[in-house]
Amino acid sequence: MKYVTFSLPNDPAPRLGVAGGGRIVDARKATDGKWPGAFPATLLDLIRSGSDAWARMAGLLSKTASRADGYAQDDVRLHAPIPRPAKNIFCLGLNYASHMKETAKARGREIKIPEVPVFFTKAPTSVNGPYDPIPWDRSATEQVDYEAELGVVVGVAGKNIPRAKSAGHVFGYTVINDVSARDVQLRHLQWFKGKSLDGFCPMGPWVVTADEFGDPHAKRICLRVNGVTKQDATTADMIFRVDAILEFLSRGMTIEPGDVISTGTPDGVGLGRTPPEYLNDQDVIETEIEGIGVLRNRIVAT
């Protein structure tokens, strides 16, 4: 299933839907009268309802969605699948050797492959829609950069999760652009502030459930700026794969349904180019992952 959060031009209230064939189906309408108890109004509600509810929803939608009244995708607004996560987005830095090397070179640092995952977070207020503008506050930064990343959406809570059982804790996958203010990162000597400016986390266009997505380490990941390819790699190049990420992240710390993990970016970012290539006003960034889809966001200076 491809779950979306969407709204209509005459009704801005977000709705839970399912995408397919260029159309968006309202999950509530498609399952009308067939859902026991309170209907999960949002994707986060559905995720928190547990695996039995996921199976029930998928079963009902697979039977009724083709007959339900849907909307053309171009006639609705797609929001980030989880517009306001309950916690910060967990992120990995330096999780592709190629990106680690280009970053070390750009900063004049020693090239050293991490022995454990490098975690940081992005504020929930940074989350942005898959086709919405990315606001560039020039009073905060002059060096806006891009990072194509695979996002993991946690489905089942856990602590001290063994690597071999980590797959059972994943609900699905999405596309994330980990937009970064490089000058802010450098000034603050850490990543949180430079990663958390408003709108600096486009996400979507939907969440593809784990059963449909398949192997998360066999997907092409790429990013284009104004139609020119800047990043083009495969998720097989991750240093720490999803199972290892969940094992390390949950060690001594509970991860919860609806938590979002951004798994790092390959080489090709603006910082690593000679000379550096940062984003400009009105640039269009397309962030794509095979098996999910494409984010399309325009930089808008404010």
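The model is predicted: local features need pLDDT of at least 70, side-chain atom pairs count only at pLDDT 80 or more, and totals for chains, interfaces and linings use all residues. Residues are numbered from 1 along each chain as its sequence is written, and side-chain values use heavy atoms, leaving out hydrogens and water.

**Fold and dimensions**
- The protein chain has eight helices and 19 strands (DSSP runs, numbered from the N terminus: H or I of at least four residues for helices, E of at least two for strands).
- Its radius of gyration is 19 Å, close to the 19 Å from the globule rule for 302 residues, so the chain is as compact as a globular protein of that length (taken over C-alpha atoms; the rule is 2.2 Å times the number of residues to the power 0.38).
- The C-alpha trace spans about 60 × 45 × 30 Å along its principal axes.

**Packing**
- Of the 302 residues, 54% are buried (under 20% relative accessible area, 1.4 Å probe, protein chains only).
- Take contacts between residues at least 6 apart in sequence: 76% of them join residues at least 24 apart (contact means heavy atoms within 4.5 Å).

**Asp259**
- Asp259 sits in the loop between α8 (242-249) and β17 (260-262).
- Asp259 is buried, at 5% relative accessible area.
- Its side chain makes a polar contact of 2.9 Å with the side chain of Lys87 (a pair of N or O atoms within 3.5 Å, one able to donate a hydrogen and the other to accept it).
- Beyond neighbours within four places in sequence, Asp259 contacts Lys87, Phe90, Val152, Val153 and Val154.

Terms used. Buried < 20%, exposed > 50% of the residue type's maximum accessible area, 1.4 Å probe, protein only.
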